[in-house]
Amino acid sequence: MAYVRIDEIVEKMNLENLAPEISTEGIRVHQTEVNRPALELTGYFDHFAAGRIQLIGLVEHSFIEQMDEEAEREVFDKLFSLDVPMVIFTRGMYPDDIIMEIGRKHGMPMYLTTQATSPFMAEILRWLNVRLAPCISIHGVLVDVYGIGVLLTGDSGIGKSEAALELIKRGHRLVSDDVVEIRKVSEVTLIGTAPEITKHFIELRGIGIIDVKTLFGVSSVRESQSIDMEIHLEEWNKNREYDRLGLEDNYTEYLGNRVICYRVPVRPGRNVAIICEAAAANHRQKLMGYNAAQELYKRVQNNLMRKSRENDKEDE
């Protein structure tokens, strides 16, 4: 089961540790959601999502200030006795002595951020969704072409890495070579990243390993990219029919999400990098509402109708 360690969250979110004497070793966050205790502060803990990170914002802080000492002790003794991984206080508002006392009693990790609650909550939710998303690893190359995440797949030696290198030289950016880690962050979005050990490297048969970031600069790589389309490279087969119009879309499925897929035959003389550029630009054009194949179809249909009308007039 995927998890995130407390120290990773602290580093990413730049949190101040309010109780450094409390050990966080062995504490794991498994849920992508966070919780702002509301009814819990009144003593209602039915259906409480204990496994989530708890945020104490301005509203909660104001309510706590109005509580009498006995009620506050009872509520936080109950809250901190549950399986809560950590508590974060936002807007730079330090907890009072009662909360700190009960937190230390239960060994509750407590942290502080100066950020406002809503933007902090949005950022940590986004980060947790990526880190804890379902993940698979596939053999392929992921490149950012005109802002479109292009996943190159195909048999070993078909030319994926060489195409990626040509794209990098043309100003596009490498995400991952050889192995792509795909995470499902929503029902419509897949995010691709590189394994830490192979990040920024490309393997070229006959040459060896090259460091793209070192050779071409930081602008030639990026850490992650949404996967918007797949280009599957395969050996040219003269007996096979290939799509020449593109009126119907084909898809590949990863983690239950569909990604549009183009099967591109490879043969000597075909510049795969330029084909990838054209495919990415065409995909962007479709997203903007223009489909060249449908436009050609309309023109053909209009031309046939015009000729038909002309023939009808000649018959009259």
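Helix H8 is followed by Gly289, whose phi is positive, near 100°. The model used in these exercises is predicted.

**Exercise 1.** Work out what span the 16 residues of helix H8 (residues 272–287) should have, and compare it with the distance between the end C-alpha atoms.

Solution. The expected span is 1.5 Å times one less than the number of residues. For the 16 residues of H8 this rule gives 22 Å. The end C-alpha atoms of H8 are 23 Å apart, which agrees.

**Exercise 2.** Which residues of H8 are buried, and how are they arranged when seen down the helix axis?

Solution. Step one is to list the buried residues of H8: Val272, Ala273, Cys276, Glu277, Ala279, Ala280 and His283. Step two is to look down the axis of H8: the buried residues fall within an arc of 165°, so they line one face of the helix. Step three is to find the cover. The elements over the buried residues of H8 include strands S9 (141–145), S10 (148–154), S17 (229–235) and S19 (257–266), together with helix H6 (160–169).

**Exercise 3.** Find the side-chain oxygen that reaches a backbone nitrogen at the start of H8, then find what caps the N-terminal end of H3.

Solution. At the start of H8, the oxygen belongs to the side chain of Asn271 and comes to within 3.1 Å of the backbone nitrogen of Ala273. For H3, the cap is Asp68, with a side-chain oxygen 3.2 Å from the backbone nitrogen of Glu70.

**Exercise 4.** How many aromatic pairs does a search of the whole structure find? Describe the geometry of the pair Phe45 and Phe48 and of the pair Phe76 and Phe80.

Solution. The search finds two aromatic pairs. Phe45 and Phe48 are edge-to-face, at 5.7 Å centre to centre with 85° between the planes. Both Phe45 and Phe48 are buried. Phe76 and Phe80 are also edge-to-face, with 5.5 Å between centres and 65° between planes. These two residues are four apart in helix H3 (residues 69–81), so about one helical turn separates them. Phe76 has 0% relative accessibility and counts as buried; Phe80, at 3%, is buried.

**Exercise 5.** Over which rings do Arg258 and Arg267 lie?

Solution. The charged end of Arg258 sits over the ring of Tyr251, 3.9 Å from the ring centre. Arg267 lies over the face of Trp236, 4.4 Å from the centre of that ring.

**Exercise 6.** Is Thr32 buried or exposed, and what does Thr32 contact beyond its sequence neighbours?

Solution. Thr32 is in the loop between strand S3 (28–29) and strand S4 (34–35). Buried means under 20% relative accessible area, and Thr32, at 18%, therefore counts as buried. With neighbours within four places in sequence left aside, Thr32 is in contact with Leu125, Leu128, Asn129 and Leu132.

Terms used: Residues numbered from 1 in each chain as written. Predicted model: local features only at pLDDT ≥ 70, side-chain atom pairs only at ≥ 80, totals over all residues. Heavy atoms only, no water. Buried < 20%, exposed > 50% of the residue type's maximum accessible area, 1.4 Å probe, protein only. Arc of directions from axis to C-beta. Contact = heavy atoms within 4.5 Å. Polar contact = N/O pair within 3.5 Å; in protein donor to acceptor, adjacent residues only side chain to side chain. Phe/Tyr/Trp six-rings, centres within 6.5 Å; stacked < 30°, edge-to-face > 60°. Lys NZ or Arg CZ within 6 Å of the ring centre and 35° of its normal.
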